Every structure is written in C-alpha cells, then in structure tokens.
Amino acid sequence: MKIYKIWFLSIVSLLTMAPILTGFAEDYAFFYGNGCQHCAKVEEFFDDNTVTEKFDIEFKEVYFDRDNIKDFMSYLDKLHLDSSQVGVPFLVINSGADCTYLNGDQPIIDYFTKKLAKSDT
C-alpha cells in the first residue's frame with residue numbers, strides 16, 4: 001500500500017510541475033486565402049525562414065474550404081471578435097488555456113521574427 005501512495009504522489013508531483021518546468025507549448029492555426037497577397041507574404045516568410053519546421057502551425061485556407069471557414073468563425077467567437085473587424089492572414093496562438101491572435105501580414109512576421117531570434121540564442 002505504501003508503494004502505491006509513493007507512486008501516486010510522484011505522478012501528481014510530475015503533473016503539477018510539468019508546466020513550470022517545460023512552459024506551455026504553443027501551437028498555431030494560420031488562416032489564409034489563396035490569392036491573398038498579404039497571406040502570400042507571410043507564407044514566403046515562413047518558407048524563407050523554415051518556420052514550419054520549428055513551430056507547430058496548422059494551415060487553414062478559408063476562401064474555398066467551408067470547414068476551415070467554420071473553424072475560423074469558431075475562433076472569432078472564442079476571441080470575441082466580429083468577422084467584419086478581421087480578415088486574413090490571421091494567426092491563432094494557442095498556449096495552454098490561453099488563446100490569442102494576430103491579424104495582418106506584418107504583425108505575424110514580426111511575431112515569428114522575435115520567436116526565431118529567441119530560439120537561436
């Protein structure tokens with residue numbers, strides 16, 4: 001019985017310490033449109049800087065894919081945004097329980113430029 005208690009306490013300790021030790025991993029949803037010049041600028045930056053190899057980014061084309069439009073609208077609801085206020089390119093940043101966003105090519109490029117600089121040091 002004592003072994004089970006030790007095992008249980010070890011597991012609980014690891015689970016409570018994991019976020020502190022590792023930080024919350026971020027994953028991203030990148031909403032874009034085929035033919036969008038601003039989206040193409042971000043995609044070119046991603047390619048030139050191998051961003052997709054370093055970060056977990058899910059690409060979601062919204063001009064022609066209804067499922068991706070539904071996902072986009074769900075995020076807008078979650079973020080309390082009106083679809084008339086935003087467009088593509090649109091990046092959702094999921095970090096643990098937090099969810100934030102960036103809208104527009106330059107804010108997204110600036111964000112990953114800073115992330116890449118941190119990862120190089």
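Me: What is the accessible surface of the protein chain, and how much of it belongs to carbon and sulfur atoms?

Reply: Accessible areas come from the Shrake-Rupley method with a 1.4 Å probe; for residues, only the protein chains shown count as cover. Here the chain has about 8,400 Å², with 56% belonging to carbon and sulfur atoms. The model is predicted: local features need pLDDT of at least 70, side-chain atom pairs need 80 or more, and totals for chains, interfaces and linings use all residues. Numbering starts from 1 along each chain as its sequence is written, and side-chain values use heavy atoms, without hydrogens and water.

Me: What share of the residues counts as buried?

Reply: Buried means under 20% relative accessible area, exposed over 50%, partly exposed in between (1.4 Å probe, protein chains only). Of 121 residues, 33% are buried.

Me: How many helices and strands are there?

Reply: Both are DSSP runs, numbered from the N terminus: helices are H or I, at least four residues, and strands are E, at least two. This chain has 5 helices and 4 strands. Their order along the sequence is α-β-α-α-β-α-β-β-α.

Me: Which strands pair with E1?

Reply: Two strands pair if DSSP finds at least two bridges between them. E1 pairs with E3 (residues 90–95), antiparallel, over 6 bridges. E1 also runs parallel to E2 (residues 57–61), joined by 5 bridges. Take Ala 29: its bridge partner is Val 92 in E3 and Glu 58 in E2.
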